[in-house]
Amino acid sequence: MYARSTMLCCLTAFAMALASLTALAAPQAYPDKVVTIIVPFSPGGGTDTLARIVAKQLSKKWDHPVIVEDKPGAGGLIGAAYAGRQAPDGYTLLMSSTGSLTPENTHQFTAIGLVSASPYVVVVHPSVPAHSIKELVALAKSEPGKLAYGSNSGSSISHLSVELFKEVTHTDILFVGYKSTGQALTDLLGGRIQIMFSPPETVMPHVKSGQLRALAMTGAESSKLLPGLPAVTDAGVPGYVAEGWFGLLAPTGTPKAIINKINTDLNAILVLPEVKAGLAKFGVQPRLTTPEQFTTYIAEEMDKWQKVIKNAHIIVPHLH
(Lines give C-alpha, C1' and ligand atoms only; values in the text may rest on other atoms or scores of the structure.)
Protein backbone atom coordinates (compact mmCIF):
# COMPACT_ATOMS: atom_id res chain seq x y z
CA MET A 1 0.00 0.00 0.00
CA TYR A 2 2.79 2.34 0.95
CA ALA A 3 4.64 1.57 -2.27
CA ARG A 4 1.49 2.16 -4.29
CA SER A 5 0.85 5.47 -2.53
CA THR A 6 4.42 6.54 -3.11
CA MET A 7 4.11 5.61 -6.77
CA LEU A 8 0.91 7.67 -7.12
CA CYS A 9 2.59 10.63 -5.45
CA CYS A 10 5.54 10.34 -7.79
CA LEU A 11 3.28 10.09 -10.85
CA THR A 12 1.28 13.12 -9.70
CA ALA A 13 4.43 15.12 -9.12
CA PHE A 14 5.74 14.10 -12.53
CA ALA A 15 2.47 15.11 -14.21
CA MET A 16 2.53 18.50 -12.48
CA ALA A 17 6.14 19.07 -13.45
CA LEU A 18 5.38 18.09 -17.05
CA ALA A 19 2.43 20.48 -17.14
CA SER A 20 4.62 23.29 -15.83
CA LEU A 21 7.29 22.59 -18.43
CA THR A 22 4.65 22.50 -21.16
CA ALA A 23 3.28 25.85 -20.02
CA LEU A 24 6.75 27.35 -20.00
CA ALA A 25 7.48 25.97 -23.43
CA ALA A 26 4.23 27.17 -24.98
CA PRO A 27 5.46 30.67 -25.94
CA GLN A 28 8.57 29.06 -27.47
CA ALA A 29 6.28 27.09 -29.81
CA TYR A 30 4.89 30.35 -31.19
CA PRO A 31 3.90 30.60 -33.94
CA ASP A 32 2.21 27.39 -34.98
CA LYS A 33 -0.23 28.91 -37.49
CA VAL A 34 -0.66 31.89 -39.80
CA VAL A 35 0.26 35.32 -38.39
CA THR A 36 -1.51 38.35 -39.86
CA ILE A 37 -0.01 41.84 -39.91
CA ILE A 38 -2.70 44.50 -40.23
CA VAL A 39 -1.71 47.61 -42.19
CA PRO A 40 -4.20 50.41 -41.46
CA PHE A 41 -3.45 52.19 -44.74
CA SER A 42 -3.87 51.49 -48.44
CA PRO A 43 -1.47 49.34 -50.46
CA GLY A 44 1.53 51.11 -51.92
CA GLY A 45 2.34 53.41 -49.03
CA GLY A 46 5.34 53.26 -46.71
CA THR A 47 3.60 51.23 -44.01
CA ASP A 48 2.46 48.60 -46.48
CA THR A 49 5.88 48.40 -48.15
CA LEU A 50 7.75 47.82 -44.90
CA ALA A 51 5.12 45.41 -43.59
CA ARG A 52 5.61 43.19 -46.62
CA ILE A 53 9.39 43.17 -46.20
CA VAL A 54 8.99 42.18 -42.53
CA ALA A 55 6.31 39.58 -43.29
CA LYS A 56 8.45 37.87 -45.91
CA GLN A 57 11.43 37.52 -43.58
CA LEU A 58 9.40 36.46 -40.53
CA SER A 59 7.72 33.79 -42.67
CA LYS A 60 11.12 32.35 -43.46
CA LYS A 61 12.32 32.55 -39.87
CA TRP A 62 9.20 31.02 -38.34
CA ASP A 63 8.49 28.53 -41.13
CA HIS A 64 4.86 29.64 -40.98
CA PRO A 65 3.04 32.09 -43.24
CA VAL A 66 2.97 35.73 -42.21
CA ILE A 67 0.49 37.66 -44.33
CA VAL A 68 -0.27 41.36 -44.72
CA GLU A 69 -3.87 42.58 -44.69
CA ASP A 70 -4.60 46.20 -45.60
CA LYS A 71 -7.53 47.83 -43.78
CA PRO A 72 -7.44 51.54 -44.68
CA GLY A 73 -9.77 54.30 -43.56
CA ALA A 74 -10.15 57.23 -41.15
CA GLY A 75 -6.46 58.08 -41.25
CA GLY A 76 -5.44 54.63 -40.06
CA LEU A 77 -7.93 54.38 -37.22
CA ILE A 78 -10.18 51.74 -38.79
CA GLY A 79 -7.38 49.24 -39.24
CA ALA A 80 -5.94 50.01 -35.82
CA ALA A 81 -9.35 49.55 -34.16
CA TYR A 82 -9.74 46.20 -35.93
CA ALA A 83 -6.30 45.00 -34.82
CA GLY A 84 -6.93 46.14 -31.26
CA ARG A 85 -10.08 44.00 -31.05
CA GLN A 86 -8.33 40.78 -32.00
CA ALA A 87 -7.33 38.05 -29.57
CA PRO A 88 -4.14 38.94 -27.66
CA ASP A 89 -2.35 35.77 -28.73
CA GLY A 90 0.29 37.11 -31.11
CA TYR A 91 -1.46 35.96 -34.27
CA THR A 92 -2.76 39.41 -35.25
CA LEU A 93 -0.25 42.25 -35.19
CA LEU A 94 -0.42 45.89 -36.24
CA MET A 95 2.18 47.56 -38.43
CA SER A 96 1.65 51.10 -37.27
CA SER A 97 2.99 54.50 -38.10
CA THR A 98 2.40 57.70 -36.20
CA GLY A 99 -0.95 58.36 -37.84
CA SER A 100 -2.77 55.25 -36.65
CA LEU A 101 -2.07 55.81 -32.95
CA THR A 102 -3.89 58.43 -30.92
CA PRO A 103 -4.22 59.20 -27.20
CA GLU A 104 -7.59 57.43 -27.39
CA ASN A 105 -6.41 54.09 -28.79
CA THR A 106 -2.88 53.54 -27.47
CA HIS A 107 -4.27 51.57 -24.53
CA GLN A 108 -5.34 48.88 -27.02
CA PHE A 109 -1.76 48.00 -27.91
CA THR A 110 1.51 46.71 -26.52
CA ALA A 111 4.65 47.87 -28.28
CA ILE A 112 6.82 45.17 -29.85
CA GLY A 113 9.55 47.08 -31.66
CA LEU A 114 10.44 49.68 -34.24
CA VAL A 115 11.12 48.67 -37.80
CA SER A 116 12.43 52.05 -38.84
CA ALA A 117 12.32 55.67 -37.74
CA SER A 118 13.46 57.70 -40.68
CA PRO A 119 13.30 61.27 -41.90
CA TYR A 120 10.90 62.09 -44.68
CA VAL A 121 11.86 63.51 -48.06
CA VAL A 122 10.63 66.93 -49.20
CA VAL A 123 9.71 66.47 -52.86
CA VAL A 124 8.18 68.77 -55.44
CA HIS A 125 6.83 68.35 -58.93
CA PRO A 126 9.48 69.34 -61.52
CA SER A 127 7.30 72.27 -62.62
CA VAL A 128 7.88 73.99 -59.25
CA PRO A 129 10.60 76.66 -59.67
CA ALA A 130 12.39 75.75 -56.44
CA HIS A 131 15.59 73.72 -56.18
CA SER A 132 16.25 74.17 -52.46
CA ILE A 133 14.36 74.64 -49.21
CA LYS A 134 15.26 78.34 -49.15
CA GLU A 135 13.81 78.76 -52.63
CA LEU A 136 10.68 76.81 -51.64
CA VAL A 137 10.13 79.03 -48.59
CA ALA A 138 10.65 82.16 -50.68
CA LEU A 139 8.23 80.91 -53.32
CA ALA A 140 5.58 80.03 -50.72
CA LYS A 141 5.90 83.48 -49.13
CA SER A 142 5.65 85.22 -52.50
CA GLU A 143 2.49 83.32 -53.43
CA PRO A 144 0.57 82.56 -50.18
CA GLY A 145 -1.89 79.70 -50.54
CA LYS A 146 -0.99 78.98 -54.17
CA LEU A 147 1.27 76.00 -53.58
CA ALA A 148 -0.55 72.85 -52.48
CA TYR A 149 0.73 69.82 -50.61
CA GLY A 150 -0.96 66.47 -50.36
CA SER A 151 -1.16 63.77 -47.73
CA ASN A 152 -3.64 61.46 -46.11
CA SER A 153 -5.66 63.40 -43.57
CA GLY A 154 -5.54 63.23 -39.81
CA SER A 155 -2.38 62.74 -37.80
CA SER A 156 -0.06 61.22 -40.38
CA ILE A 157 3.49 62.54 -40.39
CA SER A 158 3.08 63.36 -44.09
CA HIS A 159 0.46 65.85 -42.93
CA LEU A 160 1.90 66.99 -39.61
CA SER A 161 5.44 67.47 -40.90
CA VAL A 162 4.24 70.08 -43.39
CA GLU A 163 2.12 71.82 -40.77
CA LEU A 164 5.17 72.04 -38.52
CA PHE A 165 7.17 73.36 -41.49
CA LYS A 166 4.50 76.01 -42.15
CA GLU A 167 4.53 76.97 -38.49
CA VAL A 168 8.27 77.50 -38.21
CA THR A 169 8.67 79.15 -41.65
CA HIS A 170 5.53 81.32 -41.39
CA THR A 171 4.31 80.19 -44.80
CA ASP A 172 0.84 79.53 -46.19
CA ILE A 173 0.74 76.26 -48.14
CA LEU A 174 -2.62 74.74 -49.06
CA PHE A 175 -3.46 71.32 -47.63
CA VAL A 176 -5.19 68.80 -49.92
CA GLY A 177 -6.35 65.69 -48.10
CA TYR A 178 -6.42 62.18 -49.56
CA LYS A 179 -7.60 58.80 -48.38
CA SER A 180 -4.12 57.38 -48.92
CA THR A 181 -0.53 58.37 -49.57
CA GLY A 182 -0.74 56.53 -52.87
CA GLN A 183 -3.54 58.78 -54.11
CA ALA A 184 -1.61 61.91 -53.09
CA LEU A 185 1.45 60.60 -54.91
CA THR A 186 -0.58 60.05 -58.08
CA ASP A 187 -1.71 63.67 -58.05
CA LEU A 188 1.81 64.91 -57.31
CA LEU A 189 3.19 62.96 -60.26
CA GLY A 190 0.41 64.46 -62.39
CA GLY A 191 1.20 68.00 -61.25
CA ARG A 192 -2.20 68.53 -59.63
CA ILE A 193 -0.45 69.27 -56.34
CA GLN A 194 3.08 70.58 -55.98
CA ILE A 195 4.60 69.30 -52.73
CA MET A 196 4.78 66.22 -50.53
CA PHE A 197 6.71 65.37 -47.40
CA SER A 198 6.87 61.64 -47.81
CA PRO A 199 8.58 58.45 -46.63
CA PRO A 200 11.65 57.78 -48.79
CA GLU A 201 10.37 54.36 -49.83
CA THR A 202 7.29 55.99 -51.38
CA VAL A 203 8.91 58.72 -53.47
CA MET A 204 12.57 57.91 -54.08
CA PRO A 205 11.91 55.60 -57.06
CA HIS A 206 10.19 58.57 -58.73
CA VAL A 207 13.01 60.93 -57.77
CA LYS A 208 15.52 58.56 -59.37
CA SER A 209 13.39 58.38 -62.52
CA GLY A 210 13.25 62.19 -62.74
CA GLN A 211 9.50 62.43 -62.19
CA LEU A 212 9.95 64.27 -58.89
CA ARG A 213 12.60 66.58 -57.44
CA ALA A 214 13.90 66.00 -53.91
CA LEU A 215 14.93 69.09 -51.96
CA ALA A 216 15.86 67.90 -48.48
CA MET A 217 15.44 65.39 -45.67
CA THR A 218 13.42 66.18 -42.55
CA GLY A 219 15.82 64.52 -40.10
CA ALA A 220 18.20 66.15 -37.65
CA GLU A 221 21.03 65.54 -40.12
CA SER A 222 21.50 64.41 -43.69
CA SER A 223 21.22 60.72 -44.48
CA LYS A 224 24.09 58.59 -45.78
CA LEU A 225 21.52 56.59 -47.73
CA LEU A 226 20.50 59.68 -49.72
CA PRO A 227 23.74 61.52 -50.46
CA GLY A 228 23.43 65.07 -51.67
CA LEU A 229 20.21 65.80 -49.85
CA PRO A 230 20.67 68.26 -46.97
CA ALA A 231 18.62 68.23 -43.81
CA VAL A 232 15.87 70.85 -43.70
CA THR A 233 17.42 72.20 -40.51
CA ASP A 234 20.71 72.82 -42.38
CA ALA A 235 18.98 74.24 -45.43
CA GLY A 236 17.46 77.34 -43.92
CA VAL A 237 15.01 76.10 -41.27
CA PRO A 238 16.99 75.71 -38.01
CA GLY A 239 15.62 73.27 -35.45
CA TYR A 240 13.12 71.59 -37.78
CA VAL A 241 12.97 67.80 -37.37
CA ALA A 242 10.24 65.38 -38.41
CA GLU A 243 10.60 61.61 -38.32
CA GLY A 244 8.25 59.00 -39.65
CA TRP A 245 8.29 55.78 -37.71
CA PHE A 246 6.98 52.33 -38.47
CA GLY A 247 6.74 49.57 -35.92
CA LEU A 248 4.99 46.42 -34.80
CA LEU A 249 2.42 46.32 -32.01
CA ALA A 250 0.16 43.64 -30.58
CA PRO A 251 -3.22 43.81 -28.85
CA THR A 252 -2.93 44.60 -25.15
CA GLY A 253 -2.78 41.43 -23.10
CA THR A 254 -0.50 39.53 -25.46
CA PRO A 255 1.81 37.42 -23.26
CA LYS A 256 5.13 39.05 -22.50
CA ALA A 257 7.00 35.94 -23.65
CA ILE A 258 5.43 36.24 -27.11
CA ILE A 259 6.12 39.99 -27.26
CA ASN A 260 9.77 39.34 -26.43
CA LYS A 261 10.06 36.55 -29.00
CA ILE A 262 8.63 38.68 -31.79
CA ASN A 263 10.91 41.55 -30.77
CA THR A 264 13.98 39.31 -30.79
CA ASP A 265 13.11 37.81 -34.17
CA LEU A 266 12.19 41.20 -35.64
CA ASN A 267 15.54 42.67 -34.61
CA ALA A 268 17.29 39.60 -36.02
CA ILE A 269 15.76 39.97 -39.48
CA LEU A 270 16.31 43.74 -39.59
CA VAL A 271 20.08 43.28 -39.54
CA LEU A 272 20.10 40.68 -42.33
CA PRO A 273 22.16 41.99 -45.26
CA GLU A 274 19.31 41.46 -47.73
CA VAL A 275 16.85 43.35 -45.50
CA LYS A 276 19.24 46.26 -44.92
CA ALA A 277 19.95 46.39 -48.65
CA GLY A 278 16.24 46.26 -49.45
CA LEU A 279 15.46 49.09 -47.05
CA ALA A 280 18.41 51.12 -48.30
CA LYS A 281 16.90 51.12 -51.80
CA PHE A 282 14.13 53.25 -50.36
CA GLY A 283 16.41 55.42 -48.23
CA VAL A 284 15.34 53.71 -45.01
CA GLN A 285 17.50 52.37 -42.20
CA PRO A 286 16.33 49.81 -39.63
CA ARG A 287 16.13 50.90 -36.01
CA LEU A 288 16.38 48.25 -33.31
CA THR A 289 14.59 48.71 -29.99
CA THR A 290 13.35 46.74 -27.03
CA PRO A 291 9.60 46.80 -26.36
CA GLU A 292 10.26 49.19 -23.48
CA GLN A 293 12.28 51.58 -25.64
CA PHE A 294 9.59 51.56 -28.31
CA THR A 295 6.94 52.33 -25.69
CA THR A 296 8.89 55.40 -24.53
CA TYR A 297 9.51 56.50 -28.11
CA ILE A 298 5.80 56.37 -28.96
CA ALA A 299 4.93 58.49 -25.91
CA GLU A 300 7.51 61.15 -26.82
CA GLU A 301 6.42 61.31 -30.45
CA MET A 302 2.77 61.51 -29.51
CA ASP A 303 3.42 64.44 -27.17
CA LYS A 304 5.30 66.34 -29.90
CA TRP A 305 2.71 65.88 -32.60
CA GLN A 306 -0.30 66.50 -30.40
CA LYS A 307 1.03 70.03 -29.94
CA VAL A 308 1.22 70.49 -33.72
CA ILE A 309 -2.32 69.16 -34.09
CA LYS A 310 -3.54 71.69 -31.54
CA ASN A 311 -1.63 74.64 -33.01
CA ALA A 312 -2.74 73.86 -36.58
CA HIS A 313 -6.36 73.20 -35.52
CA ILE A 314 -6.27 69.82 -37.25
CA ILE A 315 -9.41 67.74 -36.92
CA VAL A 316 -8.35 64.15 -36.24
CA PRO A 317 -10.88 61.45 -37.19
CA HIS A 318 -12.50 59.62 -34.29
CA LEU A 319 -14.30 56.31 -34.33
CA HIS A 320 -17.55 56.06 -32.43
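Author: Start with contact: two residues are in contact when heavy atoms lie within 4.5 Å. Keep in mind that this is a predicted model.

Reader: Apply that to one residue. Which residues does Asn 267 touch, not counting residues up to four places away in sequence?

Author: Asn 267 touches Leu 288 and Thr 289. Asn 267 itself sits in helix H8, residues 256-270.

Reader: Is Asn 267 buried or exposed?

Author: Buried means under 20% relative accessible area. Asn 267 has 16% relative accessibility, so it counts as buried.

Reader: And what about Ala 87?

Author: The class between buried and exposed is partly exposed. Ala 87 belongs there, with a relative accessible area of 42%. Ala 87 lies in the loop between helix H3 (77-84) and strand S3 (92-97). Its C-alpha atom is 8.6 Å from that of Gly 253, and the two residues are 166 residues apart along the chain.

Reader: Next, helix pairs. At what angle do H6 and H7 pack?

Author: About 20°, with axes 11 Å apart. Angles under 35 degrees count as roughly parallel, and H6 and H7 are therefore roughly parallel to each other. H6 passes H7 in a right-handed crossing. Thr 181, Leu 185 and Leu 189 of H6 meet Thr 202, Val 203 and His 206 of H7. By class, that contact has three nonpolar, three polar and no charged residues.

Reader: How do H5 and H10 cross?

Author: At roughly 65°, and their axes come within 10 Å. H5 and H10 are therefore roughly perpendicular to each other. Their crossing is left-handed. From H5, the contact includes Ile 157, Leu 160 and Glu 163. From H10, it includes Lys 304, Trp 305 and Val 308. The residues of this contact divide into six nonpolar, two polar and three charged.

Methods:
Residues numbered from 1 in each chain as written. Predicted model: local features only at pLDDT ≥ 70, side-chain atom pairs only at ≥ 80, totals over all residues. Heavy atoms only, no water. Axes fitted to C-alpha atoms, helices over the stretch in contact; angles between N-to-C directions. Helix = DSSP H or I, 4+ residues; strand = E, 2+ residues; numbered from the N terminus. Parallel < 35°, antiparallel > 145°, perpendicular 65-115°, else oblique. Left-handed = near helix turned anticlockwise from the far one by under 90°. Nonpolar A, V, L, I, M, F, W, Y, C, P; charged D, E, K, R; others polar. Buried < 20%, exposed > 50% of the residue type's maximum accessible area, 1.4 Å probe, protein only.
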